[in-house]
Amino acid sequence: MIDYLKILSKNTEFAELLFNDPLLKMIDKNDKFSNKLNEENKKIKSTYIKTYKEILFCFFIKDDVFTKLEILIKPHYYFNDNLHNANNFNAIDCINTLTEIKNTFNFPINELSILNIEFGLNCNSPIDIKELIHYAIYHEKNEFINSSDTLRFSKISFKHTKYGKANQYKMIKFYAKGLQFPKFANIDDFRFEVKSKERKYIKSLGIYTYADLLKFETYNKLADTIRIEFNKVLIIDSSNEGRNLTPKEKLKLNEYLNTIKWFKSLQSSRNLFSKYKKEYFKLLDKTENNIHKKLYSIIDEKLIELIKPCAISDVYIIGNCTQKVFNKCPITGLPLTHEKVGAKYIKTSTLNYLHKNDKNKFVEVCSLLLNNSKGNRPRFENDIISHLYKQVRNRFYNPVIIKQTGYKQRNYQNQLDLF
């Protein structure tokens with residue numbers, strides 16, 4: 001559910017420990033992140049920026065003393081090895097992901113304040129995704145405008161300050177997720193998202209520190225917020241044929257399908273926009289084709305699925321509830337007993353274990369994954385373990401069979417000579 005976090009720490013000792021952590025590497029200006037967080041590098045005025053698995057650690061130093069630390073995380077991307085955020089990311093997945101990051105760096109979770117947050121969900125549209133995004137015109141009385149993130153069919157809505165700038169208190173984003181990641185999502189999938197860069201709003205969600213993000217009840221609040229905010233969206237459904245309406249009502253419906261009518265209502269009396277909205281929804285109900293009700297029902301069902309204590313996930317354990325889908329790696333058939341909770345395929349922990357304790361099985365894995373190596377050494381990885389891990393990851397996420405079996409499906413007799 002949570003797509004982005006900006007976290008603040010003023011603990012100078014913690015900042016110094018992190019700065020010297022060998023897991024962190026200084027960011028390079030040429031680094032390109034799949035999750036786009038590297039673009040924040042140009043905006044942040046910190047003294048140093050280090051990174052770990054596309055998480056940014058921004059260190060602010062004055063007179064050789066750490067003044068503060070800001071951490072930027074995209075949990076949904078991290079969960080998917082930073083390939084995409086197009087699948088379901090339920091409350092348990094999010095808690096497990098943030099717990100893993102916390103444990104990796106020993107976060108003082110009660111001291112880490114949440115400065116920015118983005119949360120939402122992906123759903124499948126009952127109509128063409130391009131039409132859906134195009135027809136969404138208002139959230140509350142704030143017009144949806146094209147967002148500046150270069151995504152196709154992507155809109156954002158917010159109030160403006162008296163100076164004409166975007167109010168950072170609450171922003172609503174509505175865009176075509178299927179067009180952004182066609183390999184990982186249905187082409188008609190959309191994402192509905194709530195964003196805030198103000199602590200006052202974030203606190204109203206019951207979120208003060210990182211510790212609150214590890215509580216299951218927090219996600220119930222986020223789900224309720226998504227429901228409330230989507231109910232405020234206005235969509236003009238020009239595909240509605242006005243079934244069951246009288247000729248006079250059809251004329252009225254056509255008036256409401258004109259964006260100018262809504263714009264003028266905002267220039268008139270204070271309550272006219274709300275009055276029109278009630279009348280428009282009443283007409284849609286009579287046609288038995290109310291796009292708002294259809295979408296709300298879809299979103300509501302998805303949220304129920306995402307926040308169930310026993311929601312289906314790849315692997316997780318909460319309380320007495322356990323659900324396992326992949327107890328073995330679907331690529332190699334090896335058990336996931338050496339991996340962390342939530343692993344979907346074998347990673348470096350399993351590969352290191354085999355390398356040290358089961359040479360025969362390790363060789364079998366190499367033979368399976370490197371049948372197209374021709375005896376060459378890896379070009380981009382420092383060691384064979386990293387190379388094998390990336391082979392597994394790529395095959396898990398890439399459904400194209402020819403890439404899973406090796407280009408031209410050729411087998412090389414000396415493939416094990418690599419070792």
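# Exercises on strands, a buried lysine and salt bridges

Three strands make an open sheet in the order β8-β7-β13, with antiparallel pairing. Its edge strands are β8 (142–143) and β13, each pairing on one side only. The model is predicted: local features need pLDDT of at least 70, side-chain atom pairs count only at pLDDT 80 or more, and totals for chains, interfaces and linings use all residues. Residues are numbered from 1 along each chain as its sequence is written, and side-chain values use heavy atoms, with hydrogens and water left out.

## Exercise 1

Solution. 
- Strands (E, at least two residues) and helices (H or I, at least four) are DSSP runs, numbered from the N terminus. Two strands pair if DSSP finds at least two bridges between them.
- Take the pairing. Histidine 139 has asparagine 142 in β8 as its bridge partner.

## Exercise 2

Task: is alanine 136 buried or exposed, and which residues does it contact?

Solution. 
- Locate the residue. Alanine 136 is in strand β7.
- Check accessibility. The relative accessible area of alanine 136 is 0%, so it is buried. The cut-offs are under 20% for buried, over 50% for exposed, and partly exposed in between (1.4 Å probe, protein chains only).
- List contacts, meaning heavy atoms within 4.5 Å. Leaving aside neighbours within four places in sequence, alanine 136 contacts Phe144, Lys155, Phe174, Leu234 and Ile235.
- Look along the chain. Valine 233 is 97 residues away from alanine 136, yet their C-alpha atoms are separated by 7.2 Å.

## Exercise 3

Task: trace the strand pairings from β10 through β11 to β12.

Solution. 
- Start with β10 (residues 154–160) and β11 (residues 166–175). They pair antiparallel over 6 bridges. Lysine 155 has phenylalanine 174 in β11 as its bridge partner.
- Inspect the turn. β10 and β11 form a hairpin with 5 residues between them. Glycine 164 in this turn has a positive phi of about 85°.
- Move on to β12 (residues 189–196). β11 and β12 run antiparallel, joined by 5 bridges. Tyrosine 175 has arginine 191 in β12 as its bridge partner.

## Exercise 4

Task: which side chains make polar contacts with lysine 177?

Solution. 
- Lysine 177 is in helix α5 (residues 177–180).
- Lysine 177 is buried but has none. The nearest side chain of opposite charge, aspartate 3, is 6.0 Å away. In this count Lys and Arg are positive, Asp and Glu negative; His and the chain ends are left out.
- Find the polar contacts. The side chain of asparagine 85 is one partner, at 2.6 Å. The side chain of tyrosine 175 is another, at 3.0 Å. A polar contact is a pair of N or O atoms within 3.5 Å; within protein, one must be able to donate a hydrogen and the other to accept it, and residues adjacent in sequence count only if both atoms are side-chain atoms.

## Exercise 5

Solution. 
- Begin with the total. The whole structure has 16 salt bridges.
- Take glutamate 118. Its side chain meets that of lysine 195 at 3.7 Å, N to O. Glutamate 118 lies in β6 and lysine 195 in β12, so the pair ties together parts 77 residues apart in sequence. Both residues are buried.
- Take aspartate 300. Its salt bridge is with arginine 227, the closest N and O atoms being 2.6 Å apart. Aspartate 300 lies in helix α11 (residues 291–306) and arginine 227 in helix α7 (residues 216–230), so this pair ties together parts 73 residues apart in sequence.
- Aspartate 300 is partly exposed at 22%, whereas arginine 227 is buried at 12%.

Key
A salt bridge is a side-chain nitrogen of Lys or Arg within 4 Å of a carboxyl oxygen of Asp or Glu.
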